[in-house]
Amino acid sequence: QRWAGPRPGLQLGALQMRWMCAEAEEGATRRGGATLVSPGHEQRLDKFLLLARPNMTLSLIMKLIRTRKVRVETSDGTWPRVREPSWRLQPGQRVHIHSQTFLEAGLELEAAGEEARARPRGEKGREPDQVVPPEVRDRLRAAILYQDEHVLVINKAARLAVQGGSKGERHLDGMLHCFSSEKGGERARLVHRLDRDTSGCL
């Protein structure tokens, strides 16, 4: 009641910005969303979200970022929207995802427990790893053409399906865990596909 009016300068603008961000976050929480805290080390935004929701596909995570559904708390208390998947999260930084799907995926993980967290992400996010005989595993590793810290290139043989269908046959996507030791424990992920009867690089 004693306030005579708005002060000139940037002070009111900063207060307005904080109020608007807080209001937007509160409204998004009511509509459906989740707030996460980044771990104790610097990490990319897309990788952090993928690790937090292993039962969601990479394409869906990227869509959430591109469509500005993700806010990151900054040091001045504001919550700007982030559209860059490569955004570097600082330790302890909070991230809010304005998505009911993301929230429900977290509830599904909690209900399923650690078994769901260990489930690998396939094209649909739920395809289990296949049991691979030692001789098949050796042939897969012998098919490696190129490998570095980020990329693994293999020579897919003809008559080998890339992803599973209704027949339940062996397919490459279900055997990618065979390359995990070559990538420091991280499961390889397909970036494109080839027809079953086509040989070539994947």
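**Close-up views of a predicted model**

View 1. Arginine 68 sits in the loop that runs between helix H3 (58-66) and strand E3 (70-72). Its phi is positive, about 60°, although the residue is not a glycine. Most residues other than glycine have a negative phi.

**View 2. Arginine 159, an exposed loop residue.** Arginine 159 belongs to the loop between strand E7 (152-156) and strand E8 (200-201). Its phi is near 65°, a positive value in a residue other than glycine. The relative accessibility of arginine 159 is 62%, so this residue counts as exposed.

**View 3. Helix H2 and its buried residues.** Helix H2 covers residues 45-52, and six of its eight residues are buried, so the helix is largely enclosed by the rest of the structure. The buried residues of H2 are Leu45, Asp46, Phe48, Leu49, Leu50 and Ala52. An α-helix has 3.6 residues a turn, so residues three or four places apart point the same way.

**View 4. The packing of helix H2 against helix H3.** Two packed helices are described by the angle between their axes and the distance between the axes. For H2 and H3 the angle is about 130°, and the axes are 10 Å apart. H2 is therefore oblique to H3. The crossing of these two helices is right-handed.

**View 5. Residues in the contact of H2 with H3.** On the H2 side, Leu45, Asp46, Leu49 and Leu50 take part; they meet Leu58, Ile61, Met62 and Ile65 in H3. The residues of this contact divide into seven nonpolar, one charged and no polar.

**View 6. The open sheet E6-E7-E8.** Strands of a sheet pair through backbone hydrogen bonds, either parallel or antiparallel. This open sheet has three strands in the order E6-E7-E8, and the pairing is antiparallel. Strand E6 (144-147) and E8 are the edge strands, each pairing on one side only.

**View 7. The pairing of E6 with E7.** E6 and E7 are joined in the antiparallel sense over three bridges. Glutamine 147 stands opposite leucine 152, a residue of E7.

Methods. Residues are numbered from 1 along each chain as its sequence is written. This is a predicted model: local features need pLDDT of at least 70, side-chain atom pairs count only at pLDDT 80 or more; totals for chains, interfaces and linings use all residues. Side-chain values use heavy atoms; hydrogens and water are left out. Buried means under 20% relative accessible area, exposed over 50%, partly exposed in between (1.4 Å probe, protein chains only). Helices (H or I, at least four residues) and strands (E, at least two) are DSSP runs, numbered from the N terminus. Axes are lines fitted to C-alpha atoms, for helices over the stretch in contact, and angles run from 0 to 180 degrees between N-to-C directions. Angles under 35 degrees count as roughly parallel, over 145 as roughly antiparallel, 65 to 115 as roughly perpendicular and the rest as oblique. A crossing is left-handed if the near helix is turned anticlockwise from the far one by less than a right angle, and right-handed if clockwise. Contact means heavy atoms within 4.5 Å. Ala, Val, Leu, Ile, Met, Phe, Trp, Tyr, Cys and Pro count as nonpolar, Asp, Glu, Lys and Arg as charged, and the others, Gly among them, as polar. Two strands pair if DSSP finds at least two bridges between them.
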